[in-house]
Amino acid sequence: MSTYVLIHGAWHTGKELASVAASIEAAGHTTFTPTIKGNGPSDSRDVGLSEAVCSIVDFFVLNDLEDVILVAHSYGGMVITGVADAVPERIRRLVYWNAFVPNNGESVNDMLPRQYVDLFESIASARADGAVALPFPIWREAYLNDADLATADHAFRHLNPHPIRTLREKISLNVNPAEVPIAKSYVNCTEDISLPHHYPWHPRLSQKLGLFRLVQTPGSHELCFSNPARLAHALMDAGRD
Amino acid sequence: MSTYVLIHGAWHTGKELASVAASIEAAGHTTFTPTIKGNGPSDSRDVGLSEAVCSIVDFFVLNDLEDVILVAHSYGGMVITGVADAVPERIRRLVYWNAFVPNNGESVNDMLPRQYVDLFESIASARADGAVALPFPIWREAYLNDADLATADHAFRHLNPHPIRTLREKISLNVNPAEVPIAKSYVNCTEDISLPHHYPWHPRLSQKLGLFRLVQTPGSHELCFSNPARLAHALMDAGRD
Amino acid sequence: MSTYVLIHGAWHTGKELASVAASIEAAGHTTFTPTIKGNGPSDSRDVGLSEAVCSIVDFFVLNDLEDVILVAHSYGGMVITGVADAVPERIRRLVYWNAFVPNNGESVNDMLPRQYVDLFESIASARADGAVALPFPIWREAYLNDADLATADHAFRHLNPHPIRTLREKISLNVNPAEVPIAKSYVNCTEDISLPHHYPWHPRLSQKLGLFRLVQTPGSHELCFSNPARLAHALMDAGRD
């Protein structure tokens, strides 16, 4: 069986992926769900993308991880792209789940619609801690549109303020994703409108992977809350050889 | 539980939504399925969009409707946009189901592909009653493409000629939909090709709502005939808080 | 009941559609799965598109086929377009299943992304037999992305080198598909990335049919291997009156 490392998105920690990981473990695989530096409960929010990437590279080294199926959600796509650039020999396949795919020199903000960049910057500038929080109406309508209100409320209470420097910082890569000699998959949840469908995750960002395997499943951006078992199956369809 | 008002599309009356309403009532809600002025069996077809809108505003007042989840199909999107502009305080959420979303000054014809505008005008000009009828081959292939022929035949016999002035008349709004302070959802049937997929309902028209919740379901433009229960569930996923 | 003739795509023969045909026969229909000239085990690969088309026209005549629901996969779309131009009176409906739709004077290469044209030409020029083979990583990731590795391996071993002249040769038609007075359907497998989703089968090619019925189903380009029964049902939804 395989080793899956699941990398969360902005406003999340590894804990929010516990149900997904449980379904993957039930199929016989080993899973890890580390929290990226800057998203831990006691972490400073004055953290940039390179530190975020380093924290996961360190996690790989510390746990001596090899032959990994490395999965990322959303912002986590920036992180696994950096990890794959640093330690490609430890990775069997990259799986982007409605995740950003940067080329060298790109930031999350470079791939976001203008209105979200402006909104997030204005929220961050009204705070003193270098973080951005997500307004509930956006969360409920555009992130967790496939869940009931109780699920959306409950999940919202577990979000953490996200270090905004990680969205601004441009990634530094030796090799762009399309040229990375590692197998790649993209999991697209078909009702994900956290990026609007006229400026979508797939195929706008997925095509930057070059040759990749597409897996689609019904679901919102936050299928980890609305149907973690269905998401786990999509990730395993994406992660298998 | 909630109050759902279902507004039909062109060529339909409220009666064609009876099965959908029954599924929504079975879940404990109250439903209303009024017929828009101009589509009733004995109505004159010399009716424009403002009269159509007024007839539903009147229906709200007459029935003292408050806290309504107001759902519209296709042409009905014009009508509920006008209703929401007139009596926003009576509406809890707007649900557009493969429906037109006009900004101030726009008509249905402004959002239709040129070939449909020309076809509908030429059909209407060959009649004497100010109405347009839908040719069966278009109905069967592009409107009810997910049903068998018997269902398509049966539903076709229940269509009524549609007042063409409602397609030409530009709507007059105080506030465009994106700025209306009411929650909004868009239900997209993924096999709906009544508008061609290179000039689609979603995201071309849905994005005019500003922040909205997306719900998708397999189905044609006329899922009310091919699978009313599945449609009802999509409408309730869209209509809940 | 109806007569279905199923025309395979590039690298295939009629044999690979046996499971699909069996499901269609189980519903009471008659099926034929001829192999196009140039794809048979002992055929020369020095074959062009006109010879390919003629071989299926001959098959119609030899078997005295009338009132046919003529289904094509991928490259087979070129062939049935040519057959419909030659013997329209024998065809009840055309069904394109993630298939090319040429207008007069177009070739497969005219509808392929540049990188595939270049790749196929470079593979063919490295061989001596006028054929192109598909590299396994592309097959596995972009053609059979919804299957497990064992299925992808097994199916790959049944592929045959495809005559490259059939991809280069421009078709000669009396009437373009949109004007052909035969009913038409397009079956789109929603995870088909054999053509990239930013340059897709549907609606880019399907819209060349003019009025057509859309049927969609989850699945990759090679749903005939990953789920032949599901494909058969989609083809029958597309093929019925």
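1. A word on the model and its labels. This is a predicted model: local features need pLDDT of at least 70, side-chain atom pairs count only at pLDDT 80 or more, and totals for chains, interfaces and linings use all residues. Residues are numbered from 1 along each chain as its sequence is written, chains are lettered from A and ligands numbered from 1 in the order in which they are written, and side-chain values use heavy atoms, with hydrogens and water left out.

2. Now chain C. Chain B is superposed on chain C by a rotation of 120° with 0.0 Å of shift along its axis, RMSD 0.0 Å. The two copies are therefore related as by a three-fold rotation axis.

3. Next, chain B against chain A. Here 12 residues of chain B are in contact with 15 residues of chain A (contact means heavy atoms within 4.5 Å). The two chains bury about 1,100 Å² between them, 55% of it on carbon and sulfur atoms. Buried area is the accessible area (1.4 Å probe) that two parts lose on being put together, summed over both. L211(B), L214(B) and R240(B) supply 40% of the area that chain B buries against chain A, more than any other three residues.

4. R93(B) forms a salt bridge with E141(A), with the closest N and O atoms 2.6 Å apart. On the side of chain B that touches chain A, strand β8 (residues 213-217) gives the largest share, 3 residues. Strands are DSSP runs of E, at least two residues; helices are runs of H or I, at least four; both are numbered from the N terminus.

5. Then chain B against chain C. In this interface, 15 residues of chain B are in contact with 12 residues of chain C. The buried area is about 1,100 Å², and carbon and sulfur atoms give 54% of it. Again the rule finds 2 salt bridges. R93(C) forms a salt bridge with E141(B), the closest N and O atoms lying 2.7 Å apart. Helix α6 (residues 136-143) of chain B brings 5 residues, the largest share of the side that touches chain C.

Conventions
Copies are superposed by least squares on the C-alpha atoms of residues with pLDDT of at least 70 in both. A salt bridge is a side-chain nitrogen of Lys or Arg within 4 Å of a carboxyl oxygen of Asp or Glu.
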